[in-house]
Amino acid sequence: LFRCARNDGRANIVPRFILSLLLAVIGLILFGQGAYIHAKALVAQVLLERAFAKTVVTGHETKPWSWADTWPVARIEVKRLHASVIALAGSSGQALAFGPGHVERTPEAGERGVAVYSAHRDTHFAFLKNIVVGDEIDVTRHDGRTFRYRVNATSVVRFDASGIDPLADGHKLVLSTCWPFD
């Protein structure tokens with residue numbers, strides 16, 4: 001890098017300082033990117049809460065911001081864990097950046113079949129790492145109706161071997177995320 005003209009033992013100070021400064025800047029950038037993802041998720045949930053409340057009251061799909069390509073369709077709550085998230089229509093990457101998504105071509109909560117909601121493990125569905133058999137999950141739909149589910153199993157499966165059949169008998173709920181957590 002740089003060498004000092006003096007030969008009094010301080011020749012390595014400048015390169016070490018520059019290297020330390022460079023590493024600190026890189027660390028700050030990486031920390032900022034991680035914090036940005038979490039901040040975006042938190043702010044989005046506030047806007048989604050407002051849009052969801054308006055949807056329930058008016059009965060009309062309400063976008064959380066004018067350029068959104070999705071809208072809130074449900075609130076998922078696990079009271080024991082103090083967890084509450086607003087789920088969006090669809091499970092595209094754009095939707096999942098802001099909240100859980102209701103997976104296309106699966107029934108709504110409360111309807112016959114298996115309603116599937118998916119979200120990222122490190123933001124909106126981070127609470128799933130603490131879910132246990134017997135926990136109650138309330139899903140309030142966009143029409144204001146609430147359905148209660150009880151956790152009867154958890155499992156880790158390959159993404160292409162879930163065995164989820166959205167047309168199965170009964171009224172079931174699947175909350176899906178990546179694994180491992182953290």
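Let me start with a question: in the hairpin of β5 and β6, which residue takes a positive phi? It is Gly-144, with phi near 90°. The hairpin has 4 residues between its strands. Keep in mind that this is a predicted model.

Now the strands on either side of that turn. β5 covers residues 136–141, and β6 covers residues 146–150. They run antiparallel, joined by 5 bridges. Within that pairing, Glu-136 stands opposite Arg-150.

On its other partner, β5 meets β1, residues 72–78. That pair is antiparallel too, with 4 bridges. Here Glu-77 stands opposite Asp-138.

So is β5 enclosed or open? Of its 6 residues, 5 are buried, so the strand is largely enclosed by the rest of the structure.

Now charges. How many salt bridges does the structure hold? The count is 8. Let me take three of them.

Arg-80 pairs with Asp-135, with the closest N and O atoms 2.5 Å apart. This pair links distant parts of the chain, 55 residues apart. Arg-80 is in the loop between β1 and β2, and Asp-135 is in the loop between β4 and β5. Arg-80 is partly exposed at 47% relative accessible area, while Asp-135 is buried at 6%.

Glu-136 and Arg-150 meet at 2.9 Å, N to O. Glu-136 lies in β5 and Arg-150 in β6, 14 residues apart. Glu-136 is partly exposed, at 32%. Arg-150 is exposed, at 55%.

Then Arg-148 and Asp-138, at 2.7 Å, N to O. Arg-148 is in β6 and Asp-138 in β5, so the pair ties together parts 10 residues apart in sequence. Arg-148 is exposed at 53%. Asp-138 is buried, at 4%.

Those residues also belong to a network of salt bridges: Lys-79, Glu-136, Asp-138, Arg-148 and Arg-150.

Two loop residues next. Thr-70 is in the loop between α1 and β1. Its relative accessibility is 4%, so Thr-70 counts as buried. The side chain of Thr-70 reaches the backbone oxygen of Ala-89 at 2.6 Å. Thr-70 also touches other residues, including Lys-63, Pro-64 and Leu-88.

Ser-91 is in the loop between β2 and α2. Ser-91 is partly exposed, at 23%. What does its side chain contact? The side chain of Glu-104, in a polar contact at 2.7 Å. Among the other residues that Ser-91 touches are Leu-96, Gly-101 and His-102. For a distance check, the C-alpha atoms of Ser-91 and Val-116 are separated by 9.8 Å, and the two residues are 25 apart along the chain.

Last stop, the helix. α1 spans residues 13–58 and contains Leu-22. Leu-22 is partly exposed, at 47%. With Leu-19, Leu-23, Ile-26 and Leu-30, Leu-22 makes a nonpolar surface patch of about 480 Å².

That's the tour. Over to you.

Note on methods
Residues are numbered from 1 along each chain as its sequence is written. This is a predicted model: local features need pLDDT of at least 70, side-chain atom pairs count only at pLDDT 80 or more; totals for chains, interfaces and linings use all residues. Side-chain values use heavy atoms; hydrogens and water are left out. Buried means under 20% relative accessible area, exposed over 50%, partly exposed in between (1.4 Å probe, protein chains only). Two strands pair if DSSP finds at least two bridges between them. Patches are made of residues with over 30% relative accessible area and no salt bridge: like charges are joined within 9 Å, nonpolar side chains (Val, Leu, Ile, Met, Phe, Trp, Tyr) within 5 Å. Accessible areas come from the Shrake-Rupley method with a 1.4 Å probe; for residues, only the protein chains shown count as cover. A salt bridge is a side-chain nitrogen of Lys or Arg within 4 Å of a carboxyl oxygen of Asp or Glu. A polar contact is a pair of N or O atoms within 3.5 Å; within protein, one must be able to donate a hydrogen and the other to accept it, and residues adjacent in sequence count only if both atoms are side-chain atoms. Contact means heavy atoms within 4.5 Å. Lists of a residue's contacts leave out its neighbours within four places in sequence.
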